[in-house]
Amino acid sequence: MTTVGILGAGQLGRMLALAGYPLGLCFRFLDPAPGAPAGQMAEHIQGDYADTATLERFSAGLDVVTYEFENVPIAAARFLAGRVPVYPPPLALEVAQDRLAEKTFFRSIGAATPPFAPVDSRESLDAAIAQIGLPAVLKTRRLGYDGKGQMVLRAPSDLDAAWAALGATPLILEGFVRFERELSILAARGRGGETAFYPLIENHHRDGILRLSLAPAPGVTSALQAEAEQIAARALTALEYVGVLAIELFEVAGDGSWEVEAGASPQYQPPSPISHLLVNEMAPRVHNSGHWTIEGAETSQFEQHLRAVLGLPLGANTPRGHSAMVNLIGALPDPSAALAIRGAHLHLYGKEPRPARKVGHITVRADAIEELQARLARALDLVR
């Protein structure tokens, strides 16, 4: 029996296990949190990622190790890689865990990004503002997610408060992009180098948290899809990646412009007019914006990831009509009301509701876009 070890036991791990059971797979999770959602699905070793004895116990008898969140300590991934195959490779973790390294990586493979500069002191913040202009976004280089660890700077008077709030850790300043919409692409690469790409997804955030995804993203041209696939393919190859990779993107106007205050003279040169996508960040794992694939694609992102890391043939990524995924944040809807919506599928993560916590999602699917819009309106009414 093939056993997959997963670092992290949150809802993504839970959904990986649900996708793997029909394939006859067994799972073991390592997570320091008691009562983690995936622990309801399979063996859960509760322990510290930095404890080598715990890592030895976790790795015993495993066929492969993967992870369901990108903040796994690099040392733990490398320790395990000396004992069992670990995919995606630790290098992908290392790049994704530092926003400066991440932006630098994408520039190195020819992908456009927003303007950015490292910030290590109050003086370097002033220098970065002079280079990039305002408004801008000041972010921690590590550990920020769902809008945490970042502040928008709109005027010089914002700088002292932002530095006081975030300045105890290495930072990055990014230009404030005037984007048309936020998109993401899910890409998969197998052990033999074969690749598969899902259609672009349109994402809507509020308070830094993903609220809604539409797939395939409406109005995407073949050229835009090809551009996204080219970015993803270069990243997969450069990282010698295995598994599912998510890349978050900004679709921008033809000149690749971003907002800058009147009179500012940023030194950063925008991408060429033929580039319509800027890379925001990547996630070396299955991704929230890909949850629609469970019902909305021939092969879900979760099954695809397992196929990739186990060396199995990749599945078809063909969408089944049109899908929308609505995150359930902080509260649960009436299950009967959710399931009364035609084409709706309810996924609950086994987590206690609390403010700003992802506790589940609803996927709505339809063959026609008009049907989807009507069904989605009912689902959104449940979560308002």
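Author: Let us begin with a term that we shall need: contact means heavy atoms within 4.5 Å. Please keep in mind throughout that this is a predicted model.

Reader: What covers the buried residues of helix 1?
Author: Helix 1, residues 11–20, is mostly covered, with nine of its 10 residues buried, and among these are Leu12, Met15 and Leu16. The elements that cover the buried residues of helix 1 include strand 1 (3–7), strand 2 (26–30), helix 9 (293–296), helix 10 (301–310), strand 16 (344–348) and strand 17 (358–366).

Reader: Turning to the rings, how are the planes of Phe27 and Phe29 arranged, stacked or edge-to-face?
Author: Rings count as a pair if their centres lie within 6.5 Å, and planes under 30 degrees apart count as stacked; by this rule there are six aromatic pairs. The ring centres of Phe27 and Phe29 are 6.5 Å apart and their planes are at 15 degrees, so this pair is stacked.

Reader: Which residues form one aromatic cluster with Phe27?
Author: Phe27 and Phe29 are both buried. The cluster that holds Phe27 is made up of this residue together with Phe29 and Tyr21.

Reader: How many residues apart in sequence are the parts that Tyr49 and Phe69 tie together?
Author: Tyr49 and Phe69 form a tilted aromatic pair, with 5.9 Å from centre to centre and 40 degrees between the planes. Tyr49 lies in the loop between strand 3 (43–45) and helix 2 (52–59), whereas Phe69 lies in the loop between strand 4 (64–67) and helix 3 (74–81), so the parts tied together are 20 residues apart in sequence.

Reader: Is Phe69 buried or partly exposed?
Author: Buried means under 20% relative accessible area, exposed over 50%, and partly exposed in between. Tyr49, at 10%, therefore counts as buried, while Phe69, at 24%, counts as partly exposed.

Reader: How does helix 2 lie against helix 3, oblique or roughly parallel?
Author: The two helices pack with their axes 10 Å apart and at an angle of about 45 degrees. Angles under 35 degrees count as roughly parallel and 65 to 115 as roughly perpendicular, so helix 2 is oblique to helix 3.

Terms used. Residues numbered from 1 in each chain as written. Predicted model: local features only at pLDDT ≥ 70, side-chain atom pairs only at ≥ 80, totals over all residues. Heavy atoms only, no water. Phe/Tyr/Trp six-rings, centres within 6.5 Å; stacked < 30°, edge-to-face > 60°. Buried < 20%, exposed > 50% of the residue type's maximum accessible area, 1.4 Å probe, protein only. Helix = DSSP H or I, 4+ residues; strand = E, 2+ residues; numbered from the N terminus. Axes fitted to C-alpha atoms, helices over the stretch in contact; angles between N-to-C directions. Parallel < 35°, antiparallel > 145°, perpendicular 65-115°, else oblique.
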